[in-house]
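Hi there,

Here is the structure I promised to pass on to you. Have a look at it first, and my notes on what turned up follow below.

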Amino acid sequence: MSSREAVTVIGLGAMGSTMARTFLDAGHSTTVWNRTPGKAAGLGAVEATTAAEAVAASKLVVISQVDYAAMFESLADADLSGRVLVNLSSDGPARLREASRWAEERGATLVTGGIMVPPPGIGKPGSYAFYAGPADVVAAHRETLAVLGRVEHLGTDPGLAMLYYQAMLNIFWTTLISYFYSASLVGSAEQLRPYAATMLTDLTADGPMGFLNISTAAIDSGSHPGAQNNLHMLAVGAQHVVQAFTEAGLDVTVPGAMAALFARADAAGYGADGLSALVEVVRKP
Ligand code: NDP
């Protein structure tokens, strides 16, 4: 008999099924349920026939579905009293706060989470997830949750997990989407890759291209020195980026949105400031 905590996993998509397998590999007795039956084949977990039965099997219920509406729907008829629901699905922060009240009304505690790796990364070195909810509840289940990756507990406000998750996803997606655009412009991803890789490394290092550190100080202080690269010049340059994509007959949605943001900052009087002054128009939509 394993002395490890029993876990129920609700949702057996790419993420949930890998989480269930990871818990099983770590020696946790694991019960699973998925809306569409048959997804547990070959996992070696106990497959419950209803969500209510799955919830009854373990105090700790880990949920990974497309969004929070799926949890409301799936667990509508389950007895949740005394359960700790750890939802690692995506949604907006306000929806997470609503879900926390929903769980509380049913006698359960909700811990919200956002896992920062794709399925093959779950439980592997470097994997981590943001969590929000009562500190004592997170502490009580930390060892089990750590099977999936490092536990980053952000605080008690249930919205925090998705605030950080969506913030990180925004960086991840816009960075990669920019690469897709630029590879299309050059015509070969392989030709561009070494230059893009160097830029991504340099951005996070110290030095003249270390704009992550440079911008961090500027954003938090509200001071945006523009002597070396003023925003008016950058706004004109952003139009040239759009021009290059237009001339190549490519989509200009992302470069166009970027140029529009520069133009708005320039028109708002930040022309003599630096790049990070864009944050001032982001804050005032
Ligand atoms: P999948 O599309 O592979 O799986 C979606 C899951 O949600 C399935 O189990 C599906 O059940 C279930 N589901 C959808 N709608 C409902 C509903 N109305 N009622 C009950 N169950 C429902 O998604 P992933 O596993 O990839 O992602 C799961 C969550 O994890 C998402 O919120 C995603 O944003 C997040 N995430 C995903 C990452 C990834 O790289 N894949 C990385 C980090 C987070 P059914 O089989 O019946 O359709």
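Let me start with the largest nonpolar core, which has 28 residues; among them, Met19, Val62, Val86, Leu88, Ile115, Tyr131 and Leu148 touch the most other members. By nonpolar core I mean a set of buried Ala, Val, Leu, Ile, Met, Phe, Trp, Tyr and Cys residues joined through side-chain atoms within 4.5 Å. Buried stands for under 20% relative accessible area, exposed for over 50%, and partly exposed for anything in between (1.4 Å probe, protein chains only). Two or more residues of this core come from each of β1 (7-10), α1 (14-25), β4 (60-63), β5 (84-87), β6 (109-115), β7 (128-132) and α5 (135-145). Helix α1 gives the largest share, four residues. There is also a second, separate core of 27 residues, including Ile10, Val61, Ala132 and Leu160. As a general point, nonpolar side chains in soluble globular proteins tend to be buried together.

Before going further, a word on how to read all this. The model is predicted, so local features need pLDDT of at least 70 and side-chain atom pairs count only at pLDDT 80 or more, while totals for chains, interfaces and linings use all residues. Residues are numbered from 1 along each chain as its sequence is written, and side-chain values use heavy atoms, with hydrogens and water left out.

Now the overall picture. The protein has eleven helices and eight strands; these are DSSP runs numbered from the N terminus, with helices being H or I of at least four residues and strands E of at least two. Its C-alpha trace spans about 65 × 40 × 35 Å along the principal axes. Of its 285 residues, 41% count as buried. Among contacts (heavy atoms within 4.5 Å) between residues at least 6 apart in sequence, 56% join residues at least 24 apart.

Phe172, Trp173, Leu176, Ile177, Phe180 and Val254 make a nonpolar surface patch of about 560 Å². Helix α6 (residues 160-186) supplies the largest share of the patch, five residues, and Phe180 is in that helix. A patch like this takes residues with over 30% relative accessible area and no salt bridge, with nonpolar side chains (Val, Leu, Ile, Met, Phe, Trp, Tyr) joined within 5 Å. A salt bridge is a side-chain nitrogen of Lys or Arg within 4 Å of a carboxyl oxygen of Asp or Glu.

- Ser276 sits in the loop between α10 (253-270) and α11 (278-282). Ser276 counts as buried because its relative accessibility is 16%. Leaving aside neighbours within four places in sequence, Ser276 is in contact with Ala218 and His224.
- Ser17 belongs to helix α1 and, at 12% relative accessibility, counts as buried. Beyond four places in sequence, Ser17 is in contact with Gly11, Leu12 and Leu43.
- Arg95 lies in helix α4 (residues 93-105) and counts as partly exposed, at 28% relative accessibility. Not counting residues up to four places away in sequence, Arg95 touches Tyr68, Ala69 and Phe72.

Happy browsing, and write back with any questions!

Note on methods: Patch = residues over 30% accessible without salt bridge, like charges linked within 9 Å, V, L, I, M, F, W, Y side chains within 5 Å. Areas by Shrake-Rupley, 256 points an atom, 1.4 Å probe, with all protein chains shown as cover.
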